[in-house]
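Here is a short report on a ligand site and one residue of the protein. Start with the sequence and the structure.

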Amino acid sequence: MRGYGLENIGREEIAGKEQIFNKYELVKETAMDRLKGIYPYGTFMHMLEEDMKSEDKKMALVYADIRNFRYINERFGYEIGDRLLRMFYRLIRKCLKGFQYLSRVYSDNIVAVCYMDNEAADEENLILLQEGINDIALKLQTKFMNKKVSICAGVCVIDADVADAQTAVYNANLARKEAKKTKSITMVVYEKNIKANYNYKMKLASDLPLAIKNKEIKVYYQPKVQSTTGRVAGGEALVRWQKQDGSFVYPDEFIPYFEESGLIVDIDYYVYNEVFKSIKARLEAGLMAVPVSMNISRVHLESSEIILYIKGLFQKYGIPPEYIEFELTESVYMENYDNAIKLIRELKRMGVKISMDDFGSGYSSLNMLNNIPIDVLKIDKVFLGNNSKMLGSSQKIIIQSVVEMASKLHMRTVCEGVESSEQNAFLTSIGCDMIQGYYYERPVPENSFYEYVVKHEKIS
Ligand code: C2E
Ligand code: CA
Ligand code: CA
């Protein structure tokens, strides 16, 4: 976060706002900022500090940016980008209820101060702000005829808990980042739990290196059971963080954040290394081993380092590639098609198998399956419905069609999240190759997993 200050001017010199602001504008304004009500950041912060001194004023600080601004700039050119930005400024001033003044923090990130109705409850004031934000998003979309154009705003209501202007901007920015994590939410209001959450995640990040060293990061395995025989066809490696007090932190809690910060790469490499090591140990000891699949985070698509890392693991452990599979989630193919294909081709050259994970959970197109060289289709648990362990007739038709299609395209199928005997029986009857889910077994530590593998090998 950029700090604020009045750079060249001491507080005592501020005689009247207008005079000083004009001075700043002369020094710092750019063509883009030459619109009424837009101030250099230092000036803006000073105005806000002054405003915060008067106790009878209810105010909100809005921190907003344009979704996909970089994409618009790159796709349509900077001239269009500048036009979009100018319109954004204009709409902020026009549509935000009680708008007073704004500043650009950097790029398309702006902060704006709005006075709220002193008589109305916070809720009512916030609804009005939300309406303004939605109005801006809609007008930008209509003008630029592009659904990708929208805005993303965080709001901090300035009350006694907000110590100074810097805290107000910081809080509103945290709230904006929460909105940004979603695909469609345009405005999030700062609440204390956002900060607590943020601090918690920061702590997880700083604890990670030691957690890896202390073996708090563990690899659990969940069996994929062959539907016709009951034998274990393979397993999926799923990461667990078990704190020293015994409590677990689950992947959904830390992975999205570690993807943001890039730390997921360390976790993935740790998991891959543990899996290779474990397979090597079993083979050397003459014990039964099965193929294990590992998840590849979207972050790996940004560089080809992962290929070198995996090649290095094959050299280090010397295990046959048929024991190794990788899962790449469906949305990654949509977001980064070219890099996904490149990565898959390189992995397949090493002889490993590739699954498309979470198939059906997003907006994949069936046509895409035609072009991607995958071996296994993992059918997402959404197909099984949320509430019932029984399947409705239309659900059955859809699942059956997906399984048939995959089989015609020479892909094997796994259905995930299978919890009931009815689901298992249906999936088996339509020829789904493998079943993964609590119905058979939850993700468990390595020892328990191989006990399960061996036991079911004997039964079948
Ligand atoms: P995923 O790859 O789709 O993994 C399947 C998730 O479904 C696992 O959650 C598993 O515990 C859960 N699951 C399995 N059977 C059932 C069932 O019958 N019912 C229900 N409701 N859930 C079931 P988990 O282990 O919490 O992992 C969540 C996600 O975190 C994974 O989803 C994967 O995307 C990610 N993840 C886990 N481990 C790693 C890892 O080592 N690296 C990376 N990059 N991502 C990982
Ligand atoms: Ca997976
Ligand atoms: Ca999955």
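## Model

This is a predicted model.

## Polar contacts of ligand 1

Glu-419 has a side-chain N or O atom 2.5 Å from a nitrogen atom of the ligand. For Asp-358, a side-chain N or O atom is 3.1 Å from a ligand oxygen. Asn-295 places a polar side-chain atom 3.2 Å from an oxygen atom of ligand 1.

How much of ligand 1 does the protein bury? On its own, the ligand exposes 800 Å², and the protein buries 84% of that.

## The shell

Elements giving two or more residues to the shell are β8 (232-242), α8 (251-261), α9 (264-284) and β12 (353-359). Strand β8 gives the largest share, with 4 residues.

The residues around ligand 1 number 23. Those that come nearest are Gln-222, Arg-240, Asp-268, Glu-419 and Tyr-438. Sorted by class, the shell holds 9 nonpolar, 5 polar and 9 charged residues.

## Val-275

Helix α9 also carries Val-275. Is this residue buried or exposed? Val-275 counts as buried because its relative accessible area is 0%, and the cut-off for buried is under 20%.

Beyond residues up to four places away in sequence, Val-275 touches Val-219, Tyr-221, Ala-237, Val-292, Met-294 and Ile-324. Take Val-292 from that list. Val-275 and Val-292 are 17 residues apart along the chain, and 7.6 Å separates their C-alpha atoms.

Terms used: Residues numbered from 1 in each chain as written. Chains lettered and ligands numbered in written order. Predicted model: local features only at pLDDT ≥ 70, side-chain atom pairs only at ≥ 80, totals over all residues. Heavy atoms only, no water. Near = heavy atom within 4 Å. Polar contact = N/O pair within 3.5 Å; in protein donor to acceptor, adjacent residues only side chain to side chain. Areas by Shrake-Rupley, 256 points an atom, 1.4 Å probe, with all protein chains shown as cover. Nonpolar A, V, L, I, M, F, W, Y, C, P; charged D, E, K, R; others polar. Buried < 20%, exposed > 50% of the residue type's maximum accessible area, 1.4 Å probe, protein only. Contact = heavy atoms within 4.5 Å.
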